[in-house]
Amino acid sequence: EDDFQFTLCEGCRQESPNLKLLTCLHTLCLGCLTKNEPVGQCPVCCTAIPHSSSIPDMDNLLFTNLQARLKVYKQMVDGVDLFCDNCSKAGEFWCSECFEFLCTKCFEAHQRYLRWESHRARRVTDIRAGAAKDFLEGIRRAGNLSCSNPAHKSQPVSIYCQRCEKALCCSCALLDNQHAPFRDIRSETQRRQEELSSMERELRRRRSGFEATYASLQGEAARLEEAQREMRELIRRRVEQLVRLLRREEEELVGLVEARQEQGRRELARELRHVEGVLRRMEAGERLVEKMSLYASEQEVMDMQPFIKASLQELQRLQVPAATERGQPGDLSECRARLQAL
């Protein structure tokens, strides 16, 4: 189960049939998004959700479908409710194309009439003996693309139209002269997967710069805290030497230090949140592309790749904040000057 925790909602860590993929590449269920709707940002990395309703349109088809497949696998492993979907007898076989359990008699009929349509039913005992990854790999190989024309959903698809960027059946390609030029759908699927993998490698390379900036900001925050503590102690020792009439000056100095400290903390916290959010988006992108490469069917690659590509391109355009762009938060020069005057 630990291998597939990535399919859960990243907000509530629960399974959900309504998983949404945000532009920051985090995946959240409708419940978490609705709870977070007044804020209008991702609760994981605080990136703004660019939708008026704060509910993205992109479904995470990969994670949702993986949850459904794993549920079937768990049902077989547990041996619960294994009944034939046709006659309700004991289900001894399972077809990845029909997504149905079959008894021995229905299995024989299934093999007789559907064997030429690549329907390969396997014994439940054989599936149960294998690992979940093997089960998902088998389903991935069996998954077929569907034609973008709703009237041709049952037609086999092997053509990709570069003009409208959709998968087509032979009927659409031959009868509709608006579709051209064409490309083999397998080549297009492979090209899209390779494009995502290339972007993921570039993302890994750029990530080191953001990690270095994040570590630098953490170091600055620690040094700021240390400087504040030292200054408070210096103020305390100096003011204790003064007469009672100078106590009011002591309070003003401490107040000044506190104001500078709060200002510096806010500035650093804002930069830390931004860089942390970018890092989380990069992690989500790397993880999603990796899982697409491992488990996504061709249909899922075709449906989700443009959206993921746009999000990864947005990440690639981000620049690592240079150290020279940041000022020195919590400047205590005014406080030191007033101490010297005392």
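**Helix H8, charged side chains**

I started with glutamate 262 and arginine 265, which both sit in helix H8, three residues apart, about one turn of the helix. This is a predicted model, so I kept that in mind throughout. The two side chains form a salt bridge, with the closest N and O atoms 3.0 Å apart. I then found that glutamate 262 has a salt bridge with arginine 266 as well, the closest N and O atoms being 3.6 Å apart. Glutamate 262 and arginine 266 are four residues apart in H8, which again is about one helical turn. The spacing makes sense to me: an α-helix has 3.6 residues a turn, so residues three or four places apart point the same way.

How exposed are these side chains? Glutamate 262 is partly exposed at 34% relative accessible area, arginine 265 is partly exposed at 34%, and arginine 266 is partly exposed at 47%. Elsewhere I noted a salt-bridge network with shared partners, made of Glu188, Arg191, Arg192, Glu195 and Lys309. For the whole structure I get 24 salt bridges.

**Helix H2**

Next I looked at helix H2, residues 61-78. I checked its length: 18 residues at 1.5 Å a residue should span 26 Å, and the end C-alpha atoms are 26 Å apart, so the two agree. After H2 comes glycine 79, with a positive phi near 70°.

Which residues of H2 are buried? My list has Leu62, Phe63, Leu66, Gln67, Arg69, Leu70, Val72, Tyr73 and Met76. I also picked out a salt bridge between the side chains of lysine 74 and aspartate 78, at 2.7 Å from N to O. These two are four residues apart in H2, about one helical turn. Lysine 74 is partly exposed, with 46% relative accessible area, and aspartate 78 counts as partly exposed at 42%.

**Aromatic pairs**

I searched the whole structure and got six aromatic pairs. One of them is phenylalanine 4 with tyrosine 295, a tilted pair with 5.7 Å centre to centre and 55° between the planes. Phenylalanine 4 lies in the segment before strand E1 (19-21) and tyrosine 295 in helix H8 (residues 247-295), so the pair ties together parts 291 residues apart in sequence. Are the two buried or exposed? Phenylalanine 4 is buried at 9% relative accessibility, and tyrosine 295 is buried at 8%.

Then I took tyrosine 73 and phenylalanine 135: centres 5.4 Å apart and planes at 35°, so this pair is tilted. It links tyrosine 73 in helix H2 to phenylalanine 135 in helix H5 (residues 132-142), 62 residues apart. Tyrosine 73 and phenylalanine 135 are both buried.

I also found one aromatic cluster made of Phe4, Phe6, Phe63 and Tyr295. Phenylalanine 6 has a charge over its ring: the charged end of lysine 291 sits 4.5 Å from the ring centre.

**The three-stranded sheet**

Last, I looked up an open sheet of three strands in the order E4-E3-E5, with antiparallel pairing. Which strands are at the edges? They are strand E4 (100-102) and strand E5 (121-123), each pairing on one side only. Neighbouring strands of this sheet are turned by 30° against each other on average, direction ignored. Strand E3 (residues 93-95) pairs with E4 in the antiparallel sense over three bridges.

Conventions. Residues are numbered from 1 along each chain as its sequence is written. This is a predicted model: local features need pLDDT of at least 70, side-chain atom pairs count only at pLDDT 80 or more; totals for chains, interfaces and linings use all residues. Side-chain values use heavy atoms; hydrogens and water are left out. The expected span of a helix is 1.5 Å times one less than its number of residues. Buried means under 20% relative accessible area, exposed over 50%, partly exposed in between (1.4 Å probe, protein chains only). Two strands pair if DSSP finds at least two bridges between them. Axes are lines fitted to C-alpha atoms, for helices over the stretch in contact, and angles run from 0 to 180 degrees between N-to-C directions. Rings of Phe, Tyr and Trp (its six-membered ring) pair if their centres lie within 6.5 Å; planes under 30 degrees apart count as stacked, over 60 as edge-to-face and the rest as tilted. A charge sits over a ring if NZ of Lys or CZ of Arg is within 6 Å of the ring centre and within 35 degrees of the ring normal. A salt bridge is a side-chain nitrogen of Lys or Arg within 4 Å of a carboxyl oxygen of Asp or Glu.
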